[in-house]
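Welcome! Take a moment to look over the model below, and then we will walk through a few of its features together.

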Amino acid sequence: MAAGRSRVVKRLLFALFLFLDVSVEARSFRVGQIPNGNVNQCANCHLNPGGGGLRNTFGQAVEAGLISGDVDWGATLAALDSDGDGFTNGQELQDPLRRRRREKRRGGS
Ligand SMILES: [Ca+2]
C-alpha cells in the first residue's frame, strides 16, 4: 500500500516537474521575432508545441544565433534550410528576402 502511494507521489512530482520545466523554458516573445511566427507558435522551434524542451533543427539554428536572448532574423538564418527539405527558412516563413523586421522585442512592442 505504501509502495503504491509512493509511486503515485513520484508520478505527480514528475508531472509537476515537466509542467514547471516547460513554463520556465518557454520564450513565447520569440514567436513575434520571426516572420509569421504566430502561425505555428512555439512549434516553430520546439518539438513540444507548447514550447520549452527540445528544439527542432530550425530552433537549434535560432538558438545558436540568439543575440542577447533575442532572435536574429537575418539573411543567414533566412537562407538556411534547417530541416533539409529543399526550402529555405525564409521561404517557409514567407520571408525569403528577409524583408520583415522584428515585430516585437522582448518587453516592448
Ligand atoms: Ca527547409
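Which residues does Thr-88 touch, not counting residues up to four places away in sequence? They are Ala-78, Ala-79, Leu-80, Asp-81 and Pro-96, where touching means that C-beta atoms, placed from the backbone, lie within 7 Å.

Before we go on, two notes on the model. Residues are numbered from 1 along each chain as its sequence is written. The model is predicted, so local features need pLDDT of at least 70 and side-chain atom pairs count only at pLDDT 80 or more, while totals for chains, interfaces and linings use all residues.

Thr-88 sits in the loop between α4 and α5; helices are DSSP runs (H or I, at least four residues) numbered from the N terminus. Thr-88 counts as partly exposed because it has 17 C-beta neighbours inside 10 Å (20 or more would be buried, 12 or fewer exposed).

Now to the largest nonpolar core, which has 11 residues, including Phe-58, Val-62 and Leu-77. Such a core is a set of buried Ala, Val, Leu, Ile, Met, Phe, Trp, Tyr and Cys residues joined through C-beta atoms within 7 Å.

In α3, Phe-58, Gly-59 and Val-62 are buried. They lie on the same side of α3 because they cover an arc of only 95° around the axis, taken from the directions from the helix axis to the C-beta atoms. The buried residues of α3 pack against α4 and α5.

How values were computed: Helices (H or I, at least four residues) and strands (E, at least two) are DSSP runs, numbered from the N terminus. Two residues are in contact if their C-beta atoms, placed from the backbone, lie within 7 Å.
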